[in-house]
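User: Could you take one part of this model and walk me through it closely, then show me how the rest fits around it?

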Amino acid sequence: MTQTLRILIVEDDPALIRGLSDNFRAAGFDVTTATDGQLGLTHALTQPPDLMLLDIMLPKINGYDLCRRVRHAKHDFPIVMLTAKGQEEEIVRGLELGADDYVTKPFGIRELLARVKRLLRREMSDSKELVVLGEMVLDRDARKLTHDGEEIPLTQKEYRLLDYFVTNPHRALTRSSILDAVWGRSIIVSHRSVDRCITTLRSKLEAQPSQPKFIHTIRDIGYRFELPAG
């Protein structure tokens, strides 16, 4: 990596936080740590990192609430949940609150480093260009959608979904391919998550969501995104 990226580790296990810190520093990252949720939230809001590793079971503020508050404050840096809970509902809860990925303890440091680097590459790969969508403009550098200069608020997943669509226009995209690109291959979520995100994105893009101009449903396959001609 050509620049030093900063990782915020929020974890209350002293041995684990020491091991993670040593390994990430050895991999070339700048590391900030917090041993409780309140301190982690303070670091995240005042000095936003490039990525946060977040334990769920934390003193003062748990990982779910911390994640929710960070996303509510409009920070979109990647969040990886560290959890001893492997149940699907617990994982989905974290993802729905805005986490990007998760690892279940005990985990291998090489796997965690690989996931972190993948997420950071994804965040840094956005093309710096404007995409005209009828009367709307998607600014991929600023990561925002505007209509007549007014910003149309998008959630993190809605932005990634729209960005994936404009990168792959006029193609039949399966729900599985959308899940892999937007949620990540390691994420356990159903195709219904794609459909729900499509519905909310359509409500913001389409003048008549029931008669979409941009996002078209392909029965039994998935979706196709049409860019306006010219």
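Analyst: Happy to! Isoleucine 9 has threonine 33 of strand S2 as its bridge partner. The model is predicted, so local features need pLDDT of at least 70 and side-chain atom pairs 80 or more, while totals for chains, interfaces and linings use all residues. Numbering starts from 1 along each chain as its sequence is written, and side-chain values use heavy atoms, without hydrogens or water.

Strands S1 (residues 6-10) and S2 (residues 30-34) run parallel, joined by five bridges (pairing takes at least two DSSP bridges; strands are DSSP E runs of at least two residues, helices H or I runs of at least four). Together with helix H1 (residues 14-26), S1 and S2 form a right-handed β-α-β unit (clockwise from first strand over helix to second, strands pointing away from the viewer).

Stepping back, the assignment (automatic or from a database) gives domain 1 (6-120) and domain 2 (130-225). Their C-alpha centres are 27 Å apart, and 15 residues of domain 1 contact eleven of domain 2 (heavy atoms within 4.5 Å).

The largest pocket lies between domain 1 and domain 2, because both give residues to its lining. The volume of the largest pocket is about 860 Å³ (space filled by 1.4 Å probe spheres on an open set of 1 Å grid points, joined across faces, edges and corners, with protein on both sides within 12 Å along at least five of seven lines; lining residues have an atom within 4 Å of a point). Of its 32 lining residues, Leu154, Thr155, Gln156, Lys157 and Glu158 are closest to the centre. Elements giving two or more residues to this lining include helix H3 (63-72), strand S9 (150-152) and helix H6 (156-167).
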